Amino acid sequence: MTFSAKIKISGFFAYICFVAASFILNFNPGKLIGTNFYSFSIEMLKILPCAFILIGLFEVWVKRETVEKHLGTESGFRGYLWTVLLAGTTVGGLYVAFPIAYSLHSKGAKLSIIFTYIGASAICRVPMTIFEASFMGIKFSMIRVLASVPLVIATSIVLGNYLTKRKYKVLPGK
Amino acid sequence: MVYLYILTILALLISVFKSVDKTSKAVKIAVKKFINILPAFLSMLILVSIILFLIPDEIILKYLGDKNKFVGITLASFFGSVTLMPGFIAYPLCGILLKKGVTYMVLSAFSTTLMMVGILTYPIEKAYFGVKVTIIRNIFSFFIAIVVALMTGIFFGEIG
């Protein structure tokens, strides 16, 4: 077991003991912390199973490969839409998107496409959005996606065109 | 919340109807993901239960609530930009804050900068795109997040 895992586990036990002792000794701050924890956990347990099952279904039924196939063949505006869809299936945050963007670029994707990919993989990942909508409501997610995707595409085109003119080169990372 | 249950049950039924095999696979994925995230989740709940005890609701509402919109968005987008937190932790946290009375607009500024602006991922991004492009992209992203937050505020009737 690693050192940090040991710290976490002992912290966890300290917390449980503290809350339990607070209830026994009628220590109000401790009781409040305990009630906080309890009510948040209940709230989470009502939502989490649904969110994770929807994510599981998404992963089983949606094939990345179909999306990837279209990315190469479609150009123009549709190319951007497929890029956003591809980004939607990305797992992990920005740090995963950079290497993928680099490999897309080396396979021939233009700069504006890879910037769209990076931006969209930050905001449109489907599992993440399912999670968001479960906690914040569908309306919140819809507004966020509809407002941000056009802006991401627009700024990527501006940035991409500007850099292409300047003969900009993406580096291979490390 | 009711919609979430209805949607999940419908999705499960359709999936079972199409393939029992794939559905059981999906449920297995769901359970596995849930177990994987559980330690981080517990830590978050413990921290939040303590922090929200230490910071009274009035203070939270004073800075992140309806009264002081400008301060709320500024604070939220600052914290969103400098922290690195998986969405699986961030959205439940937003859900808790929402229940406390923090506005949708502020939570939108927080979650969108969290996802798009990466001050902590700067070294990785720099390695691929160089300093200048990394900075430009992050500035663009920051402004997109602000626009998204304002749109959220407008549609939820929090501005105006």
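Reply: By class, the lining of the largest pocket has 29 nonpolar, nine polar and three charged residues. The model is a predicted one.

Me: What is the volume of the largest pocket, and which element gives the largest share of its lining?
Reply: The largest pocket has a volume of about 990 Å³. Elements giving two or more residues to its lining are α2 (28-61), α4 (76-88), α7 and α8 of chain A, together with α1 (2-18) and α5 (87-100) of chain B. The largest share is ten residues, and it comes from α2(A).

Me: Which residues lie nearest the centre of the largest pocket?
Reply: The lining of the largest pocket holds 41 residues. Those nearest its centre are A:T129, A:I130, A:A133, A:S134 and A:I138.

Me: Where does the lining of the second largest pocket come from, and which element gives the most?
Reply: The second largest pocket has a volume of about 760 Å³. Of its 26 lining residues, B:I51, B:F79, B:L93, B:L97 and B:F110 are the closest to its centre. Two or more residues each come from α2 (20-54), α3 (57-64), α4 (69-82), α5 and α6 (104-116) of chain B. With seven residues, the element that gives the most is α2(B).

Me: How many residues in the lining of the second largest pocket are charged?
Reply: The lining of the second largest pocket divides by class into 24 nonpolar and two polar residues.

Me: Which elements give two or more residues to the lining of the largest cavity?
Reply: The lining of the largest cavity includes A:F115, A:G119 and A:V152 from chain A, and B:M116, B:R137 and B:F140 from chain B. By class it has six nonpolar, four polar and one charged residue. The elements that give two or more residues are α6 (111-123) and α8 (138-165) of chain A, with α7 (122-155) of chain B.

Me: Which element gives the most to the lining of the second largest cavity?
Reply: The second largest cavity holds about 40 Å³ of space. Among its lining residues are A:R125, A:M128, A:E132 and A:R144, together with B:Y91 and B:M115. α6 and α7 (126-136) of chain A are the elements that give two or more residues. The most, three residues, comes from α7(A).

Me: Why is chain B described as more spread out than a compact globule?
Reply: Chain B has seven helices and zero strands, in the order α-α-α-α-α-α-α along the sequence. For 160 residues the globule rule gives 15 Å, and chain B lies well over this, so it is more spread out than a compact globule; its radius of gyration is 19 Å.

Me: What share of chain B counts as buried?
Reply: The C-alpha atoms of chain B fill a box of roughly 50 × 45 × 35 Å along the principal axes. Chain B exposes about 8400 Å², with 78% of it supplied by carbon and sulfur atoms. Of its 160 residues, the share that counts as buried is 42%.

Note on methods. Residues numbered from 1 in each chain as written. Chains lettered and ligands numbered in written order. Predicted model: local features only at pLDDT ≥ 70, side-chain atom pairs only at ≥ 80, totals over all residues. Heavy atoms only, no water. 1 Å grid on protein atoms, 1.4 Å probe; cavity = no way out; pocket = protein on both sides within 12 Å on 5 of 7 lines; lining within 4 Å. Helix = DSSP H or I, 4+ residues; strand = E, 2+ residues; numbered from the N terminus. Nonpolar A, V, L, I, M, F, W, Y, C, P; charged D, E, K, R; others polar. Points joined across faces, edges and corners; volume = space filled by probe spheres on them. Rg over C-alpha atoms; globule rule 2.2 N^0.38 Å. Buried < 20%, exposed > 50% of the residue type's maximum accessible area, 1.4 Å probe, protein only. Areas by Shrake-Rupley, 256 points an atom, 1.4 Å probe, with all protein chains shown as cover.
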